Amino acid sequence: MKKVIFDCDNTFGLPNHDVDDGLTLLYLLGVAEIDLLGVTLTYGNSNLEVVKKMTQEFCQKLNLSFDYYARKQAQFLVDQVNRYPGEISLLATGALTNLAQAQTMDPTFFSKVKEIVLMGGVLKPLKVNQTSVNELNFSSDACATEKVLLSQANLTIMNGHMTAQAFFSKSDLANFLTKINKIHSVDSSWVKLILENWIKWNKVHFDFAGFCNWDMTTAVYLEHPELFSAENYYLAPKQPELKQGKINIVEHSAHLVKMPDQLMNIIEFNRLAIDRMSKGIAKGERSNQ
């Protein structure tokens, strides 16, 4: 059983805002071998109060039960890592403020985390379907990001270039809705509306019928790292361009990280995502019985 903490800026359900944190949360809930110790909320997609509100609504709409924290997030991280040293996988898909604050509270924090999987950062200007996209997660708190990147934790970075390959199409949505429509107590019409509206937004801005499931890569990587290529990179000992989300790499340094270049099998990736998300939603049905 893998012990996991998810640090995220969930805005699932907020009009014209990304849905991938919420979908990633469903994935984690749907993996039997994952013990989700808690969800620490951060900012990025929106401010912390909005993220808290949307997470409350997410739980209510889908009748889900998990512990989440919008206060004392760093204290929760420190307490759990000290309770389970060397056992916790930490996924972080928003501003990295909570992680940096945990290190301030406990300077040995990063040495006691089993692994950290981040979604964020770019190596060059990012384009999605020929449209320029600003980096969000690493740039939201550049000082915190630098602390995490240079912490020498067991670190994997799912950058914007690779995660843009995680395309969830209109047909994938249809398959997902078919599965969750069989879960009788779930308001699938709410999920359908949110995801269809997000696809419409992406059609206007990127001219494709689907969306990039950026954050989902962290959860899939945790369960099935073989679905990604296995490149390693050395980080520069100073990261002056993180305000733009740019990661500086060098030929050699003390900061070696894993940073996959390729998602190897998008069909299997989405099959897993649909299966695990459906099982995550089904937990709401079981708790309602």
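Predicted model: local features only at pLDDT ≥ 70, side-chain atom pairs only at ≥ 80, totals over all residues.
Visitor: What makes the size of the protein chain agree with a compact globule?

Guide: A compact globule of 289 residues would have a radius of gyration near 19 Å, and the protein chain has 18 Å, which agrees. Its C-alpha atoms fill a box of roughly 50 × 45 × 35 Å along the principal axes. Of the 289 residues, 57% count as buried.

Visitor: How do you know that the span of helix α9 is what it should be?

Guide: Helix α9 has 19 residues, 188–206, so at 1.5 Å a residue it should span 27 Å. The end C-alpha atoms of α9 are 26 Å apart, which agrees.

Visitor: Which residues of α9 are called buried, and why are they said to be on the same side?

Guide: Buried means under 20% relative accessible area, and the residues of α9 that count as buried are S188, W190, V191, I194, L195, W198, I199, N202 and F206. They cover an arc of only 165° around the axis, so they lie on the same side of α9. The face turned away from that buried side carries K200 and V204, which are exposed.

Visitor: What do the buried residues of α9 pack against?

Guide: Their partners include the helices α1 (20–29), α2 (48–62) and α8 (170–180), and the strand β10 (210–212).

Visitor: Why is α1 called largely enclosed?

Guide: Ten of the ten residues of α1 are buried, so α1 is largely enclosed by the rest of the structure. Among them are D20, G22, Y27 and L29.

Conventions. Residues numbered from 1 in each chain as written. Heavy atoms only, no water. Helix = DSSP H or I, 4+ residues; strand = E, 2+ residues; numbered from the N terminus. Expected span 1.5 Å × (residues − 1). Buried < 20%, exposed > 50% of the residue type's maximum accessible area, 1.4 Å probe, protein only. Arc of directions from axis to C-beta. Contact = heavy atoms within 4.5 Å. Rg over C-alpha atoms; globule rule 2.2 N^0.38 Å.
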